[in-house]
Amino acid sequence: MKVAAFFIGLLLILTKSVEANENNTFYEQLKVGGFSSAGVTLHRDAEAEAAVNELSILISWNNLDRLSFFSELEIERPLAWNDNKRYSRKESKLDLERLYVDYNLSEKVNFRFGRFLTPNSRWNLLRAPPLVWTSSRPLATSRLFPIATNGITLHGALPIKDVAFEYKLFTELSEDQQQDNNELEFEHVRGARFSIKSNSDIGISLLSFREIDAFNGISGASYRMLGLDFVTNLNETEISGEVFQRITSKGKEGGSGAYIQTAVPIKDNWYWITRLESLKRPNEGSFERWLIGATWRVKPTQLLKLELTGGSGNQPEAPRGFTASYALFF
């Protein structure tokens with residue numbers, strides 16, 4: 001496989017650097033951790049279910065010089081239960097979520113080679129359950145663009161007075177792609193993301209790609225997409241949102257989506273969460289969602305989430321009903 005050969009080459013580069021490093025041992029530079037979440041969902045239109053949603057192992061290495069390495073290997077739904085099937089492991093799947101090497105020239109210029117999360121959405125880059133307020137992710141962040149890309153990224157940060165300007169330019173090198181059960185498939189992915197970070201974080205993304213026809217397995221329409229995202233704080237309330245608009249290569253409507261979310265502190269590390277979102281895809285119609293809930297930050301690395309979701313249509317990524325989940329880093 002082209003992807004396997006590409007990653008083997010990256011590991012050979014990393015090995016050369018390890019051999020050349022005389023100041024620190026490999027094990028001192030290696031860090032292993034991970035995250036997981038488990039929850040119960042009472043579906044509005046289906047049977048109740050409980051599951052260990054994922055078990056992700058994170059491995060990173062940094063020789064404190066120019067090279068660093070990062071990987072994420074995930075077991076999806078290692079254990080699931082519902083009223084009809086009882087306990088089942090048939091949904092379990094092993095996924096290589098991320099595997100890349102960073103080469104650092106300076107804070108302003110860095111290269112990333114491998115499989116990485118597509119830098120087209122703030123939520124997509126911070127989608128680990130212990131880092132987000134809700135159990136379900138907004139539809140627009142999973143049904144409009146590729147979640148991961150196999151390729152190369154040029155990225156860095158430029159200080160401008162009291163703000164930091166960050167940029168990411170990326171292109172796909174291999175069209176082989178790991179897919180979840182409900183994940184869409186894309187090819188010829190390339191784009192850019194620019195963000196300004198100060199008291200608020202504001203980002204703009206530009207992306208082009210071709211979406212694979214899910215029914216026939218052949219190349220479908222080509223799209224251009226514009227994305228805007230932000231997160232800010234008003235007093236102690238966090239407000240965040242994203243909006244996406246796609247057009248075809250012929251200038252026609254290609255789908256759109258958006259969400260806005262607030263996290264209001266209540267008491268003793270409890271937060272009241274609200275979210276409104278929408279999604280429109282070609283030939284699939286439009287979907288609207290609302291979410292209300294409460295999240296307890298048990299520890300900086302652990303979250304308990306309780307949420308009620310409603311709206312129109314059925315989407316596996318955003319089930320309607322009540323969900324309770326627990327997420328943690330380890």
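Biologist: Which side chain does Lys-197 meet in a salt bridge?

Modeller: Lys-197 pairs with Glu-166, at 4.0 Å from N to O. A salt bridge here is a side-chain nitrogen of Lys or Arg within 4 Å of a carboxyl oxygen of Asp or Glu. Lys-197 lies in strand β9 and Glu-166 in strand β8 (residues 163-172), so the pair ties together parts that are 31 residues apart in sequence.

Biologist: What kind of model is this, and how are residues numbered?

Modeller: This is a predicted model, where local features need pLDDT of at least 70, side-chain atom pairs count only at pLDDT 80 or more, and totals for chains, interfaces and linings use all residues. Residues are numbered from 1 along each chain as its sequence is written, and side-chain values use heavy atoms, with hydrogens and water left out.

Biologist: Back to that pair. How accessible are Lys-197 and Glu-166?

Modeller: Lys-197 is partly exposed at 29% relative accessible area, and Glu-166 is partly exposed too, at 23%. The cut-offs: buried is under 20% relative accessible area, exposed is over 50%, and partly exposed is in between (1.4 Å probe, protein chains only).

Biologist: What else does β8 have? Say, what does Val-163 touch?

Modeller: Val-163, in strand β8, touches Leu-158, Ile-196, Lys-197 and Ser-198, leaving out residues up to four places away in sequence. A contact means heavy atoms within 4.5 Å. The C-alpha atoms of Val-163 and Ser-198 are 5.0 Å apart, although 35 residues separate the two along the chain. Val-163 itself is partly exposed, with a relative accessible area of 27%.

Biologist: How many strands and helices are there?

Modeller: 17 strands and 3 helices. Both are DSSP runs numbered from the N terminus: helices are H or I with at least four residues, strands are E with at least two. Of the contacts with a separation of 6 or more, 52% are between residues 24 or more positions apart. Buried residues make up 45% of the 330.

Biologist: Which residues have the most contacts inside the largest nonpolar core?

Modeller: Leu-144, Phe-145, Val-189, Leu-207, Phe-209, Met-225 and Phe-244, in a core of 22 residues. β9 (186-197), β10 (201-212) and β11 (219-234) each supply at least two residues of this core. By nonpolar core I mean buried Ala, Val, Leu, Ile, Met, Phe, Trp, Tyr and Cys residues joined through side-chain atoms within 4.5 Å.

Biologist: What is Phe-209 in contact with?

Modeller: Setting aside neighbours within four places in sequence, the contacts of Phe-209 include Leu-144, Phe-145, Val-189 and Met-225.

Biologist: Arg-246, OK. Which residues are linked with Arg-246 in a network of salt bridges?

Modeller: Arg-143, Glu-211, Arg-281 and Glu-284 are linked with Arg-246 in that network. Arg-281 is buried at 6% relative accessibility, whereas Glu-284 is partly exposed at 34%. The structure holds 15 salt bridges.

Biologist: Is the Asp-45 and Arg-44 pair buried or exposed?

Modeller: Exposed on both sides: Asp-45 has a relative accessible area of 51% and Arg-44 is at 53%. Their salt bridge is 3.9 Å, N to O.

Biologist: Which buried residue has no salt bridge?

Modeller: Glu-242 is one of those: this residue is buried, and the nearest side chain of opposite charge, Arg-193, is 6.3 Å away. For charge, Lys and Arg count as positive and Asp and Glu as negative, with His and the chain ends not counted.

Biologist: What does the side chain of Glu-242 make a polar contact with, then?

Modeller: The side chain of Tyr-259, at 2.9 Å. The backbone nitrogen of Trp-123 also lies 3.0 Å from a polar atom of the Glu-242 side chain. A polar contact is a pair of N or O atoms within 3.5 Å; within protein, one must be able to donate a hydrogen and the other to accept it, and residues adjacent in sequence count only if both atoms are side-chain atoms. Glu-242 sits in strand β12 (residues 237-248).
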